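Hello,

Here is the structure I promised to pass on to you. Please open it next to this email, and then read on for what turned up.

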Amino acid sequence: MFLDYYNLSPLLMQIHAFLCSVMPEWLALTLEGLVVGVFILVMYAVLAIILIYMERKVCAAFQCRIGPNRVGGKGGLLQVPADVLKILTKEIISLKHSDHFLYALAPFLVILASILTFSCLPWNKGGEILHMNIGIFFVLAASSIGVLGILLAGWSSNSKYTLIGAVRSGAMIISYELSIGLSVLTMVVMSGAMDIQTIVEGQANGWNIFKGHIPAIMAFIIYLIAGNAEANRGPFDLAEAEQELTAGYHTEYSGMHFGFFYLAEYLNLFITAGIATTLFLGGWMPLHIAGLDGLNMVMDYIPGFVWFIGKTFFIVFLLMWIRWTFPRLRIDQVLTLEWKYLMPLSLVVLLLMTVCKVFGLTF
Amino acid sequence: MEIEKITSIIPEAEISQTGETVVKVPAEKLHQIAETLLNDKENPMDFLRDIVGMDWGEEGLGALYLLESTRTGARIILKAVTADREKALLPTVSDLWKTALIKEREVYDFFGICFLNHPDMRRIFLREDWIGYPMRKDYDMNSNPLRMDNEENADMTDEYFLRPDGTLEGRKNVVFGEDDFVVNIGPQHPSTHGVLRMRTSLDGENIRKIDPILGYIHRGIEKMNESLTYPQTLALTDRLDYLSAHQNRHALCMCIEKAAGIEVPERAQYIRTIMDELQRIDSHLLFYSCLVMDMGGLTPFFYGFREREMILDIFEETTGGRLIQNYNMIGGVQADIHPTFQQKVKDFIKHLRSVIQDYHNIFTSNVIADTRLKGVGVLSKEDAISLGCTGGTGRASGWANDVRKHHPYALYNKVDFKEIVYTEGDSFARYMVRMDEIMESCHIIEQLIDNIPEGEFRAKTKPIIKLPEGVFTSSVETSRGEFDVVLESHGDKVPYRLHYRSTGLPLVHAMDTVCRGAKIADLIAIGGTLDFVIPDIDR
Amino acid sequence: MEVKKSTSIRSMEYEDFKNNDYLEDMVRRLNMDGAGIVLGTVDELINWGRSNSLWSLTFGTSCCAIEFMALGAARYDMARFGFEVTRNSPRQADMIMVLGTITHKMAPVLKRLYDQMAEPKYVVAVGGCTISGGPFIKSYHVVNGIDKIIPVDVYIPGCPPRPEAFFYGMMQLQRKIKVERFLGEVNRKEKEE
């Protein structure tokens with residue numbers, strides 16, 4: 001197979017075999033688990049820093065500004081690390097009339113959901129961290145834990161602003177999960193698999209968005225809209241609508257508790273984009289154009305994780321573009337959009353895809 | 001309004017004509033006379049411009065009622081006095097003009113005049129536990145030291161009325177009941193444009209009632225004016241509505257010039273008019289920026305500020321100030337225009353005309369903006385007049401109220417401009433009025449900028465000015481409505497009373513009417529389109 | 001611990017800052033018992049993070065708030081320094097920039113907001129009104145200087161100050177934070193009530 005240069009599985013197998021030869025297997029597994037866990041957390045933090053920096057630079061570009069350029073040289077590269085350092089050493093306030101246990105639990109639920117989903121992303125061939133045959137189903141299930149954290153945060157803070165923010169967010173996320181579920185289901189129908197690696201490998205001879213033509217493109221657009229809403233970003237950022245509810249559901253959180261919400265927000269953006277890449281844009285598969293063999297050869301030499309990260313950041317950029325251009329929707333308009341337009345449309349798309357698949361109309 | 005006409009309607013009137021014509025009516029007949037004037041066939045006095053509380057010392061406490069007919073533009077000033085300082089009572093006119101609901105509260109707060117049958121006699125600017133009435137002449141300035149305890153807000157309010165036998169009786173009215181979900185929006189809130197506080201009763205996301213609580217930036221400007229000489233009073237006008245700094249000061253200068261009989265040179269008139277219009281563009285650009293930001297779109301905010309900075313540059317070169325310019329003086333302006341002023345203004349207008357389409361592309365024609373603004377927060381024409389919502393808000397509801405057109409001052413009767421009037425009365429109309437006015441202001445400036453005559457930019461005046469006795473008024477159209485100055489002089493070098501009509505107070509009062517049934521998000525958008533500036537409300 | 005003599009701004013030398021002696025005095029007092037090598041280095045790292053990430057609570061009461069908006073807009077662009085993240089919730093803000101007159105009615109609110117903020121917190125008093133009452137010093141309803149209510153770190157005079165003055169004030173605050181001591185002892189004491 002042409003993609004085998006960058007396949008990580010043999011290497012990982014060898015490491016495992018080597019570890020087993022010098023220590024008992026349970027110890028080797030524990031050690032590997034620890035290393036992978038630390039790896040995930042580091043990746044998570046680094047990506048969050050990159051995303052926040054990107055957001056600040058991208059929005060500055062849209063707004064005829066420069067953006068951070070003082071801290072850490074000309075590009076302001078150390079601006080976000082400075083923020084992280086600050087937020088790590090900031091006091092965490094405990095409130096008098098709040099439910100302390102739930103109040104402290106909520107940010108961890110949000111970050112837990114985000115990390116669980118994050119672990120499912122297919123970085124490379126053989127580079128997936130959580131691999132199971134119902135992977136995409138697990139992603140949907142795990143990402144739903146996040147809304148629980150948001151609702152708890154709003155409720156336990158004992159403030160009216162957070163409560164309104166949380167209820168708004170709950171109503172919105174639960175609604176948009178339908179559309180996400182249906183558009184993901186459309187792609188599952190097309191790929192005939194729920195395993196993320198199988199879905200990606202099925203796109204070796206063409207990305208799903210090309211193979212599935214009309215229904216796939218429609219599902220892609222629906223997914224982007226709903227995913228944007230799911231990640232609580234503008235124009236759907238009602239939950240933390242700054243101009244209405246000061247800071248929405250996390251108004252009462254300070255220090256690293258707030259930092260968790262902040263990180264999760266950006267990582268959710270990345271995860272949304274990552275899942276879109278996996279389902280529609282071929283994951284870590286290089287771009288192949290039929291007939292141009294020379295080009296295809298060159299493309300194959302680019303490693304899979306570069307493809308994956310590149311495509312994902314492209315979608316992240318699209319979502320940022322939308323966020324910095326549109327004004328915010330109102331809660332009833334958000335729900336109208338979902339229940340009256342997106343949901344019926346995604347049902348139609350699902351039906352269309354099934355018909356296409358049954359009659360072999362997909363490429 | 002002519003004297004004969006007044007005496008035919010109000011036979012018992014005492015008319016004084018030093019300065020403006022003031023018609024003194026007996027307090028107990030005030031309501032009846034007000035009703036007659038409101039229902040007059042020829043000149044229905046349907047617009048209550050302002051109620052100005054007064055402390056005349058020996059004569060007693062009382063108020064001036066400034067009325068105007070929206071049909072003919074005729075104006076009249078009524079004066080009602082009550083001699084009893086301990087138990088000062090006046091009948092309310094809040095059943096005739098809705099704007100009196102809030103203006104009478106202001107008079108009550110400052111002078112302790114209780115309005116009979118007014119449903120809501122609470123303090124409005126000062127703390128509910130404030131001692132004394134600060135605008136009374138015998139108020140002890142040290143009677144209220146700084147208090148750091150949190151203020152409690154009552155959910156009940158008082159109403160007073162007279163029993164048939166003449167004794168006073170009180171009754172409690174409910175502002176917010178037991179099962180109201182009341183959210184405090186403000187005083188520290190990103191979208192209240194300052195330190196306005198709105199206690200908002202919600203039903204889910206829907207608004208049931210709004211009770212504005214003001215005074216978080218009440219700086220006592222009117223009281224301070226009473227100990228400042230006339231040229232000194234000018235400095236404080238810029239800090240009222242800082243986005244109409246120039247126009248506010250223009251109004252006060254006009255009022256003093258009128259009273260003192262100072263002739264303003266032609267050149268100064270030109271400069272003042274151009275500066276007023278530049279200030280209007282400046283304010284409307286900021287309106288656009290803030291409205292868009294309130295609605296969650298951050299990028300257009302920067303577009304508005306980009307052009308606004310150019311105006312500030314022009315201001316800075318000539319006046320030395322960016323936001324607060326201190327430029328108008330009694331008798332003219334402080335300094336001559338900068339040599340490059342004309343060229344820069346012309347360049348700016350050319351630039352603005354080329355980029356204004358960007359503004360519309362990114363926001364006006366955006367589908368989200370459309371659905372958020374159109375049909376939301378409708379204010380009918382009748383309500384607009386009754387509530388006294390002047391400026392762009394009134395014009396968006398179909399009420400042609402532009403002072404520049406109906407009571408021209410400076411050079412506005414010499415230039416050609418359209419009064420922008422929309423009839424829908426919704427948020428979108430209020431937005432469009434301002435956007436169109438930007439272009440209209442450009443048009444006015446273009447007519448004047450090349451024709452500024454040579455000559456003095458300031459008439460010679462004495463450093464200490466004494467005005468003759470009497471009541472003097474002047475009104476200008478600021479960026480957000482009619483701004484009136486009411487000056488009572490007792491012949492001293494300091495004013496006896498100097499009152500400013502707040503352009504924003506009626507707008508904040510209208511929030512309750514406009515927002516009922518709307519969503520929280522609409523509250524923010526409506527607040528943005530009503531376009532008020534809080535320091536101007538609280539003064 | 002020491003005050004850095006070199007500035008990263010080419011046109012602004014160390015001597016151009018106005019209150020160097022004050023900062024040097026502060027450092028001298030902090031260093032009286034000697035400065036720890038390890039703790040001192042960690043302190044410097046933390047102070048670097050804090051000083052470069054000042055998120056302000058939006059607290060605009062009047063005129064100065066408009067100049068603050070101009071500061072955020074494209075021409076002056078405070079995002080260059082990383083100040084652009086304004087939080088509307090006091091819990092998440094690092095400093096409160098008091099922009100405009102504080103009246104008697106507002107004073108308890110300001111105090112409450114300050115108390116709601118999480119440590120470390122700094123106060124910047126902007127404009128004549130917050131420093132002394134400004135033009136309204138004789139009014140019956142204006143607090144003559146917010147230092148009567150909350151401790152102030154930096155004063156920025158002006159009515160309203162120019163955006164450049166805002167930057168100068170913010171840089172002074174950064175310099176002040178850079179000589180603080182986080183570990184070991186606290187060098188900020190709230191005014192005794």
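Between chain B and chain C, about 3,800 Å² of area is buried, and carbon and sulfur atoms give 67% of it. Please keep in mind that this is a predicted model. Chain B brings 51 residues to the contact, and chain C brings 41 residues.

Which charged pairs could you look up here? There are 4 salt bridges between chain B and chain C. One of them joins the side chains of B:Glu316 and C:Arg162, at 2.3 Å from N to O.

On the side of chain B that touches chain C, the elements giving two or more residues are helix 4 (221-225), helix 7 (266-294) and helix 8 (299-319) of chain B. Helix 8 of chain B gives the most, with 8 residues. By type, the residues on this side of chain B are 32 nonpolar, 7 polar and 12 charged.

Now to a sheet in chain B. Its 3 strands form an open, antiparallel sheet in the order 10-11-12. Strand 10 (181-185) and strand 12 (206-213) of chain B are the edges, each pairing on one side only. On average, neighbouring strands are turned by 25° against each other, direction ignored. Strand 10 and strand 11 (residues 197-203) of chain B are joined by 5 bridges, and B:Phe181 stands opposite B:Leu202 in strand 11. Helix 15 (residues 505-515) of chain B packs on this sheet and touches strand 11 and strand 12 of chain B. The direction of helix 15 makes about 170° with that of strand 12.

Enjoy exploring!

Note on methods. Residues are numbered from 1 along each chain as its sequence is written. Chains are lettered from A and ligands numbered from 1 in the order in which they are written. This is a predicted model: local features need pLDDT of at least 70, side-chain atom pairs count only at pLDDT 80 or more; totals for chains, interfaces and linings use all residues. Side-chain values use heavy atoms; hydrogens and water are left out. Contact means heavy atoms within 4.5 Å. Buried area is the accessible area (1.4 Å probe) that two parts lose on being put together, summed over both. Helices (H or I, at least four residues) and strands (E, at least two) are DSSP runs, numbered from the N terminus. Ala, Val, Leu, Ile, Met, Phe, Trp, Tyr, Cys and Pro count as nonpolar, Asp, Glu, Lys and Arg as charged, and the others, Gly among them, as polar. Two strands pair if DSSP finds at least two bridges between them. Axes are lines fitted to C-alpha atoms, for helices over the stretch in contact, and angles run from 0 to 180 degrees between N-to-C directions.
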